[in-house]
Amino acid sequence: MEAQVISTTPFDGQKPGTSGLRKKVTTFQQPHYLENFVQAIFDTQTKLNGGTLVVGGDGRFYNREAVQTILRMAAANGVARVLVGQGGILSTPAASCIIRKHQTQGGIVLSASHNPGGPDEDFGIKFNIDAGGPAPESVTNAIYARTCSIDQYRIVDAPAIDLDQLGERQLGATRIEVIDPVADYAELMASLFDFDAIRKLFQSGDFRMRFDAMHAVTGPYAIEILEHRLGAEGGTVMNGVPLEDFGGGHPDPNLVHAHELVAMTEGPQGLDFGAASDGDGDRNMVLGKDCFVTPSDSLAVLAANAEVAPGYKHGIAGVARSMPTSQAADRVAEALGLNCFETPTGWKFFGNLLDAGRITLCGEESFGTGSDHVREKDGLWAVLFWLNLLAVKRQSVAEIVRDHWRQFGRNYYTRHDYEGIDSAAAQGLVDHLRILLPSLPGQQLGAFKVAYADDFAYTDPIDGSVAEQQGIRIGFEDGSRIVMRLSGTGTQGATLRVYIERYEPDAERHDQLVQEALAPLILIARELAQIEPRTGREEPDVIT
Ligand code: VG1
Ligand code: CO
C-alpha cells in the first residue's frame with residue numbers, strides 16, 4: 001500500500017497548551033489541520049517509526065474520524081503496530097496504563113477533557129511519551145516548531161478500519177490491534193486496591209453510593225470495576241453510556257456541573273458517597289454525605305493514609321502538587337517526613353519526579369489526583385482509593401476529613417473562574433499584576449502582610465529544565481495565598497483563575513463556610529487585580 005504525500009501549509013496556533021492542542025471541532029475539521037499536527041508528531045518522534053503507538057480518545061464528536069486519520073497516517077509513517085481502543089475509546093489514564101504495560105513508544109490521546117463536546121464544541125489531541133505521560137515541554141515545543149514549517153504529510157488511501165470488533169487488522173505493513181479499552185486498566189486497579197474489602201463494604205448493606213460518569217468515557221470502566229468486579233448494585237454508575245456530546249452537558253466533575261449527584265448526597269436521605277469523573281476520565285470529585293472534599297484536601301488525606309491500600313502499603317516516597325493547589329499536602333509531607341514538590345499547573349510536570357521515584361502521589365486543585373501507577377491523573381483510581389479508605393476505616397467521609405483537619409489543620413480553599421473574558425483584557429490584568437509584584441512584599445493588605453510576591457518559575461529537579469511565568473503568587477506571613485493565572489485549556493477568549501487559600505490550625509474554627517472564611521482574601525485579590533474594571537465581571541462564573 002503506497003503512502004500518499006500530500007502538500008500542505010502551516011496553520012497558526014498549533015501550540016499545545018496545558019494539556020495538548022484544544023480547539024473547536026470546526027477548527028479541526030479544516031482540511032489538513034489534524035493531519036499537519038499528527039505529521040509533526042511523526043516527524044519529531046522518530047522512535048515511532050518501526051515502533052508501537054497507542055491511539056484512543058474520550059469518544060467525543062469527531063473522535064472516530066480522527067482515529068481513522070491517525071491510523072492511515074501511522075501506516076504511511078512506518079509505525080509497525082498500533083494498539084487502538086475498541087470504538088476508538090481509551091480514557092486518558094487507561095491510555096497511559098497501556099503505553100506503559102505494553103512498552104510502546106508513545107500514544108496519541110484524543111480529548112478536550114472537561115470541555116463540552118459536539119459539532120460546535122471542543123476537540124483535542126495530545127502526544128504521550130513512552131513513559132506514559134503527557135509530553136514534556138521540550139517535546140511539545142519541538143512538535144509545535146514542526147507545525148510552523150510543515151509542507152507535507154503522509155497518509156495511505158484505505159477504507160476505514162473496523163474499530164468495533166476486537167482483534168487484529170492489517171493496514172499496509174502496519175498491524176492494527178483493536179483492544180479492550182478496560183481490561184488492562186481494571187487489572188492494574190485490582191493490583192493496587194483491596195477489592196475484597198471494598199466488596200464487603202458494598203455487601204454490608206449500610207453503604208450507598210453513586211458514581212456519575214457524566215455520559216463520558218468512564219462509564220464502561222466504572223461499570224466493569226464497580227458493578228461487575230466489586231459487586232456494587234446495578235445502577236451505581238449513573239450516566240454511564242458515553243455520548244458524543246456528553247448528553248449536552250459539561251463533563252466536568254465539580255459542584256456546578258455535577259449538581260445532580262451533589263443533590264443526591266445532601267440531606268437526611270443523602271448517599272454515603274458520591275463520585276464523578278470528567279470527559280476523559282482523569283479527573284475526580286469526591287463527596288460524602290453533606291460533605292464535599294476539595295481536591296487539595298483529597299490529596300492530603302490520601303497521602304496521610306496511603307498505607308491502607310495494598311499498592312502503597314510500604315509507604316510513599318513523597319508528594320507533589322501543582323502550584324495553585326492548596327498547601328494541605330505540604331503539611332502532611334512535613335509531618336511524615338516525605339519529599340514535597342511544588343510544580344507548575346499541568347500533569348506533564350509530575351512526570352520526571354514520578355519516573356525518578358522522588359514522589360509517589362501527586363495532585364492538582366482542579367480535581368486531579370494520581371500516583372506512580374500511571375503518568376496521568378486518574379479519576380477512577382482516586383475513587384477506588386477513597387473506597388479502600390472507607391472500607392478500612394468504616395468512618396464517614398466527613399469524619400475522615402474532619403479528623404484530618406484536627407491533626408494537620410485546615411487549609412480553607414476556593415477557586416474562582418472568570419470564563420470567556422476578552423483576551424486582551426486578561427493579558428492586561430496579568431501585565432498589571434507583574435508590574436505590581438516588586439512593590440508588594442512587606443505591604444499590609446487588610447489583616448494580611450505580604451511575605452513574597454512573584455511570577456512562579458520552576459526548575460525541574462531531575463533534568464534542570466525551566467518553566468517561567470507559571471502564575472502570579474502572593475504569599476502572606478500567616479501562610480495564606482492568592483494565586484492568579486490564565487487558563488491554558490480553553491478554546492474561546494481567556495479564563496482567569498483566582499485561587500485563594502488560608503490556613504486555620506485551630507480545630508474550633510474548622511466549621512466556617514468556605515466563601516466566608518476566605519472573604520477578606522477574595523476581596524484583596526479582586527482589588528489588587530482590578531478584576532471588575534478590567535474584565536467587566538462583578539462575579540466569577542464558576543466557584544469551586
Ligand atoms: C486545567 C487545570 C489543570 C489541569 C488541566 C488539564 O488547566 O487547571 O490543573 O492540569 O486543566 O486537565 P488550565 O490551564 O485550564 O488551568 V484535563 O482533565 O482538562 O486534561
Ligand atoms: Co480530563
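Modeller: Gladly! Here the protein is divided into domain 1 (3-181), domain 2 (185-408) and domain 3 (410-543). Keep in mind that this is a predicted model.

Colleague: What makes domain 1 and domain 2 count as being in contact?

Modeller: Two residues are in contact if their C-beta atoms lie within 7 Å. By that test, 28 residues of domain 1 are in contact with 31 residues of domain 2. On the side of domain 1 that touches domain 2, the largest share comes from helix α4 (residues 92-101), with six residues. That side has 12 nonpolar, 13 polar and three charged residues. As for the C-alpha centres of the two domains, they lie 28 Å apart.

Colleague: Now to a sheet. How do you know that β12 and β13 are paired?

Modeller: Two strands pair if there are at least two bridges between them. Strand β12 (residues 273-277) and strand β13 (residues 284-288) have five bridges, in the antiparallel sense, so they meet the rule of at least two. One example is Ala276, whose bridge partner in β13 is Met285.

Colleague: Why are β11 and β14 called edge strands?

Modeller: Their sheet is open and has five strands in the order β11-β10-β12-β13-β14, with mixed pairing. The edge strands β11 (237-238) and β14 (291-293) each pair on one side only. Helix α13 (residues 379-393) packs on this sheet, where it touches β10 (209-212), β12 and β13. The direction of α13 makes about 25 degrees with that of β13.

Colleague: Why is His215 called buried, and why is Asp290 called partly exposed?

Modeller: We count the other C-beta atoms within 10 Å: 20 or more means buried, 12 or fewer means exposed, and in between means partly exposed. His215 has 23, so it is buried. Asp290 has 13, so it is partly exposed.

Colleague: Which class does Gly346 fall into, buried or exposed?

Modeller: Gly346 has 22 C-beta neighbours inside 10 Å, so it counts as buried. This glycine lies in the loop between β16 (339-343) and α12 (351-355). Leaving out residues up to four places away in sequence, Gly346 touches Thr18 and Ser19.

Colleague: Which residues come nearest to ligand 1?

Modeller: Thr18 is one of them, together with Ser113, Ser487, Gly488 and Thr489, from the 18 residues around ligand 1. The shell divides into one nonpolar, 12 polar and five charged residues.

Colleague: What makes strand β25 mostly covered?

Modeller: In β25 (residues 481-486), five of its six residues are buried. This strand is antiparallel to β24 (residues 472-476), to which four bridges join it. Gly475 has Arg481 in β25 as its bridge partner. β24 and β25 form a hairpin with four residues between them, and Gly479 in the turn has a positive phi of about 95 degrees. β25 also pairs with strand β26 (residues 494-504), in the antiparallel sense over six bridges. There, Leu486 has Leu496 in β26 as its bridge partner.

Colleague: One more sheet, please. How do β15 and β16 pair, parallel or antiparallel?

Modeller: Strand β15 (residues 318-322) and β16 pair in the parallel sense over five bridges. Within this pair, Arg321 stands opposite Glu342 in β16. Helix α11 (residues 328-336) packs on the sheet and touches β15, β16 and β17, its direction making about 160 degrees with that of β15.

Colleague: And in what order do the strands of that sheet come?

Modeller: The order of this open sheet of four strands is β16-β15-β17-β18, and the pairing is mixed. Its edge strands are β16 and β18 (368-371), each of which pairs on one side only.

Technical notes: Residues numbered from 1 in each chain as written. Chains lettered and ligands numbered in written order. Predicted model: local features only at pLDDT ≥ 70, side-chain atom pairs only at ≥ 80, totals over all residues. Helix = DSSP H or I, 4+ residues; strand = E, 2+ residues; numbered from the N terminus. Axes fitted to C-alpha atoms, helices over the stretch in contact; angles between N-to-C directions. Near = placed C-beta within 6 Å. Nonpolar A, V, L, I, M, F, W, Y, C, P; charged D, E, K, R; others polar. Domains from an automatic or database assignment.
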